[in-house]
Amino acid sequence: MSLSSRPKIELHLHLEGAAPPAFIRGLAKEKNADIGRIFDERGHYAYNGFPEFLRVYEAATSVLTTPEDYARLTRAVLAECAEHGVIYAETFVSPDFCGGRDVAAWREYLHAMQEAAAEAERADGIILRGIVTCIRHFGPEKARETARCAAETAGDWIVGFGIGGDEMAGKPGDFAWSFDMAREAGLRLTAHAGEWGGAQSVRDTLDDLRVERIGHGVQAIDDLALVDRLAEDGVVLEVCPGSNIALGVYPRWRDHPIHRLRERGVKVTVSTDDPPFFHTTMSHEYDMLAEVFDWDDGVFEDIERTSAEAAFCDKDTREALLKRLAGR
Ligand SMILES: [Zn+2]
């Protein structure tokens with residue numbers, strides 16, 4: 001089976017960060033919005049280094065202001081995912097950007113995204129679920145409001161709660177209240193850690209937020225006792241190698257620890273994070289992993305099964321995914 005046609009499962013994808021450049025350009029034009037120079041001559045997002053990446057990301061996503069924009073964004077993102085064989089994705093969505101953490105407004109955005117996702121499922125068979133994500137550098141107070149939005153809308157579609165944003169802002173424990181609230185509402189938990197904050201940030205996140213998945217988590221490799229703990233406890237890492245390379249967490253693909261983590265028994269999965277910003281796709285991630293680490297069909301099969309098992313969807317959806325992966 002060619003790598004691009006393999007059925008893939010993506011667990012770590014920011015909806016705004018997956019916005020195709022052509023979609024953002026079109027929307028900016030429609031709205032007559034000045035987003036500055038954020039594209040290169042080929043029409044890709046262009047930036048040099050992390051601070052500029054943040055500026056370009058903010059400028060691009062500033063045109064997304066209404067539920068209808070988010071419906072169209074959802075459709076554009078899912079069309080792109082489906083093209084690379086993705087059959088199931090979980091996307092980070094944030095009431096901070098969708099209605100300013102007001103529950104009623106959040107429901108409108110959510111409804112728009114869900115409708116668009118249902119349409120894509122009918123058209124391309126791709127399934128989408130949402131993980132409400134608070135923004136770490138907005139602070140614990142706002143995270144509580146975000147957790148409230150999450151708890152109010154927990155169900156078949158909003159299946160998880162997480163935290164993204166600047167990993168160096170505050171401590172994981174500052175957000176324990178929000179994670180407790182989400183857990184009580186029946187949401188499954190994940191958190192960005194160990195992308196920038198070192199192995200200790202992964203430890204603190206596990207201890208203080210009691211999550212079952214970690215977004216990135218790759219810096220755990222610097223603490224082998226922690227790696228063994230991840231393996232023993234079955235903590236799943238949402239690894240986004242292309243993102244880590246693009247942002248300079250690791251200089252080259254062959255320096256990336258995904259292979260070593262897997263060899264030591266950690267459950268790793270593969271995702272794209274903010275794909276067009278990192279000039280990647282799921283097919284590209286697969287191609288690079290095959291080329292650099294010699295991963296074959298057996299490894300990818302294992303990764304895909306691990307991803308289906310770690311997905312936050314309900315049991316019936318998981319069973320259906322496992323069947324599709326097995327080609328039944
Ligand atoms: Zn991320």
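1. In this predicted model, a zinc ion is held by four residues, His12 (NE2), His14 (NE2), His192 (NE2) and Asp273 (OD), which coordinate the ion at 2.1 to 2.3 Å. The angles among the four donor atoms run from 86 to 175 degrees, and the site is classed as irregular.

2. Along the sequence, the donor residues of the zinc ion follow the spacing H-x1-H-x177-H-x80-D.

3. Apart from neighbours within four places in sequence, Gly194 is in contact with Glu167, Ser201, Val202, His216, Gly217, Val218 and Gln219. Of these residues, Val218 is 24 residues from Gly194 in sequence, while the C-alpha to C-alpha separation of Gly194 and Val218 is 5.7 Å.

4. A further point concerns two helices. The axes of α4 (residues 103-124) and α5 (residues 140-153) come within 10 Å and cross at roughly 55 degrees, and therefore α4 is oblique to α5. The crossing of α4 and α5 is right-handed. Where the two helices meet, α4 contributes Val103, Trp106, Arg107 and Leu110, and α5 contributes Cys149, Glu152 and Thr153.

Conventions:
Residues numbered from 1 in each chain as written. Predicted model: local features only at pLDDT ≥ 70, side-chain atom pairs only at ≥ 80, totals over all residues. Heavy atoms only, no water. Donors = N, O, S within 2.8 Å, 3.2 Å for Na, K, Ca; no water. Tetrahedral: all angles 85-135°; square planar, octahedral: opposite > 155°, others 65-115°. Axes fitted to C-alpha atoms, helices over the stretch in contact; angles between N-to-C directions. Helix = DSSP H or I, 4+ residues; strand = E, 2+ residues; numbered from the N terminus. Parallel < 35°, antiparallel > 145°, perpendicular 65-115°, else oblique. Left-handed = near helix turned anticlockwise from the far one by under 90°. Contact = heavy atoms within 4.5 Å.
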